Structure formats: structure tokens, C-alpha cells
Amino acid sequence: LLPEAQPIISLLTDFGTRDVYAGVLHGVIAGIAPRARVIDLTHEVAAQDVIEAAFLLDAAAPYFPEGTIHVCVVDPGVGSSRRILCARAPRATFLAPDNGLLTRVLERLRADGPVDLRAVENRAWFLADVSSTFHGRDVFAPVAARLALGHDARDLGPAVHDPVLLDLAPDRALGPGHVRGEVVHVDRFGNLITNLRPGRHGADVRAARLVTSEVTREVEGPVRASYADVREGAPLLITSSTGLLEIAVRGGSAHEQLHAGRGEPVDVFVLDPAPTPRAASASGVCS
Amino acid sequence: LLPEAQPIISLLTDFGTRDVYAGVLHGVIAGIAPRARVIDLTHEVAAQDVIEAAFLLDAAAPYFPEGTIHVCVVDPGVGSSRRILCARAPRATFLAPDNGLLTRVLERLRADGPVDLRAVENRAWFLADVSSTFHGRDVFAPVAARLALGHDARDLGPAVHDPVLLDLAPDRALGPGHVRGEVVHVDRFGNLITNLRPGRHGADVRAARLVTSEVTREVEGPVRASYADVREGAPLLITSSTGLLEIAVRGGSAHEQLHAGRGEPVDVFVLDPAPTPRAASASGVCS
Amino acid sequence: LLPEAQPIISLLTDFGTRDVYAGVLHGVIAGIAPRARVIDLTHEVAAQDVIEAAFLLDAAAPYFPEGTIHVCVVDPGVGSSRRILCARAPRATFLAPDNGLLTRVLERLRADGPVDLRAVENRAWFLADVSSTFHGRDVFAPVAARLALGHDARDLGPAVHDPVLLDLAPDRALGPGHVRGEVVHVDRFGNLITNLRPGRHGADVRAARLVTSEVTREVEGPVRASYADVREGAPLLITSSTGLLEIAVRGGSAHEQLHAGRGEPVDVFVLDPAPTPRAASASGVCS
């Protein structure tokens, strides 16, 4: 008799850690599924910032073991009639409000195979008293715990075919070898992570320009292999650990030094757009 | 032979997470009670803010499974002669300095049945060297771990009959249908949580007024069912997830928009104080 | 058949908790070593601050159970040719970049017995794809997980005999009974922790002076037994929970009240340097 496997439940919220909201989720889960293991992805998504949450979830989920249940609560519409979704795929399950938070993850899951997408409606899975302000505690946590116990997700509610999807990668070709995206996340080090995906080698990115400000802040390419490839204090382009184009400053903060934050438009210029068919289209270079 | 249950130890402190203080508590507990499961409630209680700690503990504890050991270290008097208390009830055990932190919890526990309250004095339960500055590590963590192992709390020290209690809900009736309380917590979203408890439906709350400032900041009732019941950016009254009256701003921060923080007096006015006997007294409306 | 022991992996990084970096480490470890238990020491080391990391690690590690694997990722040189070290001693194992982070810990380990120090080079232990920006995920986490599974650290790479070591305790005798050190850490409460170690009783420390500012900020000794030994709001000297001399303010923040931060030089004066041979040398008083 082997000890049963411990399903993993990950938590991604905007609850912060100054409050006990996140801790209470752990408590509710422990009461229902004592052997489930709960991992905090982060509770510091910017308050009610669904786009950032979608980016962070997509960056993290692929590194979790098969069977993980990801609980994502960035939920400006809590208490309204917005749906809660359960997306179940062979590798992982996701619970999130139906506000676009799952946009990136659904793309990835659907590339792998069928996804069972349902509205979470069966109150038998919830806590007995459901508040109108804290569904994380009253709905998300108990539903995740019961999924961890092996309950059948098909009992949760009806299938959903029209989830809210965000336009998360609005990169636009502005001309040959010229594409516009934006900064989707500023990490703790002040690195600016964009929604642009450099080509496999990145050698073809000539420069990135932060475009909103009056002052031109252009960072020269190519995309470097490492922060250490430029001198201390210099800006650089690099492929972030999530595969997206990142604007950084070695040993410093690009956020502070380049005065750029989330939402800032970023233009990328390609060194030599002509030679290959791929490079001729923006989406070939930065997809 | 079933694997033995894992007792849960929750941690509520003002240690912050910039230091390793909280991590060290985990380490000490793991060394003594390797199978105990430790859940961080929060380590970001405002430094030495016993009142906020009492509020947060009371909000979280009911959501933890039976048998949980709650370790609460907000301890401005560390190293002085202040006592450390162990409160043991059928559903849960609490360790805290004797500074009023357990005020709310003791009320709740005593409503349920007898509570064994003791001074933590038996040095055999502590680490061998006890510092005068970090009892969390040297006293609280090892005592919690030994409780998790099943040691008998009655060996900890003598019974205590006079714990320090705070006056945490100083709501005062200022006139018919007019009661004064205060903001006891500002959460991450800027919601202002008061020490007033709306009636079961809340429909009788006409308005809440933040009273200290020269500028009148009055928020109209009734108590709403959901943030979504008002337009984006508008202030509202709602029952917080802890059952207390909360002043919020939909999609924004009441803390910033109304310039109000912890300790701010709040006046609540009742729509129609006459009709029922309950509404005639402040404590009937907001208890 | 007893359940196998759960090895503990502790994490000390400068990743912050706003990002999912730390959570991803948990995910990677859970995928490889599902029964390993992961404890967050802190993820809020000041960005790229190796000296602070060395101090915090040394303060925490002694409180973890035998066999703990400490993963330390404060790594300004990520992606460069800097080595990653594995230090294996009977009581604990440490993984860290070869940038001096292990300086204090190596001193302590070597006082206890032989330490096996290796360069982490064996790519079979890493994730299949190793980025140049996130070795925490791609190298440190999988290596720690495999160590937790019992893999032999000697397979990791060649022995290292010249680790980078920092000069972390540059206290200097400036005269009889006069020694200079510095503030190495400011904790959440604003306590200033120095690199000076008071004598066993501390009674011989007459005063500590913060020396850089034009304004003299001298805190009188002796080293107190407890914060409660001075009046509310008064500065004091105390032995921190890590055994180092700490400058504090009862019920307040020495950081704010004395306008002093990390790196600030601190002079310590000894009451009566003559009587004993130990007190005659700076290192005797503060070693």
C-alpha cells in the first residue's frame, strides 16, 4: 500500500500578503483535502489586473507537475453574475473567473488536446455560506480541494463554449521589419517583459524602442545571451525566462532607468527584414 | 496502518518577509515535529499592532480545521515579564503573548465551551538557549511543535484567569439610530473594515460617515450585496467577508479615495430607527 | 515500513514575491521530488545584495534540521561564467552561486568538520532547457530536488578549492577599546544589525556611535537584556537574535529615528579596555 499521491494546488491571486485572505485559502483546503499540497505562486498580482495575472499564470504553469490544480483569483467582478470557469486538460486543471485570465493558458492547452471547460455552479461543492465578496474562500478553495480529492469536474456545471478571451498579444506590424507590442510585466528587478517573442536566435532584432515618451529610449540589439554580455549599468535586450522579449539593464532597473512601466508600447526593428520569408512579416520575427 | 494525521500549525506575526524570522520558525518546527504542516496566515501585521493582529486572527481562525494550533507573535513586550498564553479549546489551540491579541478569539471560544488557559513557563518545551529578542523562534515555535506532537498542554504552566483583554469594539450609541465605531483594518484593496457588524440584512443602514476629517465623507447605504451593485469608481457599504461593515470603492481604493485609514472613527446612521425595538438601540443594529 | 523521511529544501532568494519566480521553484521541485518539503526562508533579499544574503543565510541555517538542503539564489552573474557551488557537510547542504554568498556559512561548517565543495556542472541534473536568465528554475531547483532524492553530490562536478569569499566582518580596531564595524542588515522593525559580536555579557560595551553623518548619533550601553529595559521611544544596544550587536529603538524604528541604513559604519567603545587581556584588543571584545 503506497501512500496516495499528493495532488498539488497552486494559488495565484491579487490578495496580497498583508491580509489573511491567502492563508485562509490554505486553511479551507486543508480542512477538505488534508493531503493536498498547496503552493503559493504569488498573491501580489497588481490589484484586479487580469492581464498581468494571465501573463504570470502562463509563465508558471508549464513548470508544475502533471495533475496540478491551478487556482487563479483576480476577480474584479466578484459577487456579480460573472461565471467561474473550470478548465480541465490532461496535464492540469485551472479554476478562474470568466474574465479572460485563462486566455493564454487555454491557447496552450488547446494546442495539446481537448479541454473540458465548465461553469462552476454546483453549490454542493462550495462552503455552506457563500459571501458576495470572498469567493476565493467560499468557492474557489473548496472546489479545488474537492477536485484534489478526485471528485468529477463534470458535476461542477454546464459546459462553456464562449469563455471571455483577452487580446493579450496585440503586436502589430507597422512596416517591413517593424512591429509594435507592449510591456506586459515589470518584474522585481525592474526588467520590462514584453508580449513580443523573439525568433529562435534573436540575432535579427536590431533594436527595441520604448515609444510613448517624448524622449527616445532605444535599446540596441541583438538579443543577448546573458546579462553579462553588456557592461554594468547598460541596457540590453534578452529573451526572458518565459521566452518573451525583455528589456533589461545589467545590475540595474530598466523600469527606473528607462522610465517605462506596464502598458508602455514597444517597437521592435529587425536587422535585415529582406533575406528570408519569415523575416519579411512581423509575425515571423516576433510571434 | 493509516499514516498519522498531520496537525496544522498556523503562523500570524509581524515579522515581515524581508527577514528570515518567519522561515526560521518553519525550520524550528520541522526539526521537532517533522510531520506537522505549517501554514503562513500572514507575517505582515503592522509592526507591533496587537489590535490589527486580533482582528486578523479572528477573521481567519474559523476557517481552519479542527485541531489547528495557531501561533500568534505580535509581541512588543518580548523579553519583558509579560506572560505567554496557551488557550486550548476543543476546536483549536492558540499561543500568543498576553497582550490582548487573543481578545476576540477568547470570546468566540468561550461561547463554544470551556477553554483551558495557561501561562507558558515550562522551559523544557523551549529551545535550549532562549534569547530576549526572538521568542517566536525560541519559545513559540518549539512549544507549538511539541503540542503538535501531542504533548500535554497542562504541563506548560499554571492556569491563567486574568488574561489581558482589549476593548476592541468600542462602538458607542451617539443617539437614536446613530452609532460610532472605527476602521480596524485596511486591506490590500484599500477596503476599510470597521468594527461594526451590520444587521443580518443590512438594509437598515442608511449611511456611514468618516468623521475625523474637516471634509465630510459620507457613504450612502444600504449595505450592498456585491461590489458590482454600484458603478465603477463609486463608494459603497458592504458586509466584509468577516461579517463586519466595510466601506469600499468599486474598482478602486476607499483608503485612497476617501483619505481614511486605520483608527478613523466611523459613524453609522440607521434608516429608520423607530419601527423595531432592535433598531432603537445602537447595539441592535451594529453589535 | 515507515514512511520515508521528507528532506527539507529551504529557499533564500532575491526573487521577490510579486513575480512567480519563487512559486516556479516550488513547482519544479515538486515535479522531481514530490515528497521533499520546501520552506521559504525569504525571497526578499535586496535585489542582487550578496552580502545581505550571506548574513541572512547564516542567521537562519543553524535552526534547520539535519540534512536540510539550502538553495540560495542571489545571483547578479547569472548567465555569465560564474560557477555554481554545492557545499556538502554532515549537517546540511548548500547550493549557491560562487559569489561569496556562502562565506559565513563555510566558516561555520569548516569549524565543524570537512566540507565537500563542488562546482555544479553536470547538465544531467538540470532541466532539459537551461535559460541564461533563470538558473534558479533551470539549475538550482532540479539539482536541489535530486539531492533530496539522494543522488550523490560527487557526480555534480569537480571539487572546488578556491571559492569566492567576501570580507564580511571588516571590523577594525581604531584604538584601545574602540572598534569599527558596520550595519549589515536593517530588519522589518528598523533594527540595525551590525557585524560586531558583543562579548558574552555585553556589559563592557560603553556606547555605539553611528559615524558617517555630521550629526552624532551615539547610543549608550551597556548592551541590554531586553527592549523593555529602556523607556518607550529610547534607543538601546542589544544582542540580536543572531548574536550580533543590534542598535534598536524600543517601540520604534532605529532606522528612521537614527537615520541609519545598511552599510553605515558603527564605532563601538568599550567601557574599560584595560582590565583584561581580551578587552585590550578589539577582536576580544567584538569578534
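Residues are numbered from 1 along each chain as its sequence is written, and chains are lettered from A in the order in which they are written. In this predicted model local features need pLDDT of at least 70, side-chain atom pairs count only at pLDDT 80 or more, and totals for chains, interfaces and linings use all residues; side-chain values use heavy atoms, with hydrogens and water left out.

Student: How many residues does the contact take from chain B?
Tutor: Contact means heavy atoms within 4.5 Å. Chain A gives 34 residues, and chain B gives 31 residues.

Student: What area is buried between chain B and chain A?
Tutor: Buried area is the accessible area (1.4 Å probe) that two parts lose on being put together, summed over both. Carbon and sulfur atoms give 53% of the area, which is about 2500 Å².

Student: Which residues in chain B lose the most area to chain A?
Tutor: Three names stand out. Together they make up 29% of what that side buries: B:Tyr63, B:Arg188 and B:Phe189.

Student: How many salt bridges are there between chain B and chain A?
Tutor: A salt bridge needs a side-chain nitrogen of Lys or Arg within 4 Å of a carboxyl oxygen of Asp or Glu. Between chain B and chain A the count is zero.

Student: What relation superposes chain B on chain A?
Tutor: Copies are superposed by least squares on the C-alpha atoms of residues with pLDDT of at least 70 in both. The rotation is 120°, with 0.0 Å of shift along its axis and RMSD 0.0 Å. So the relation is that of a three-fold axis.
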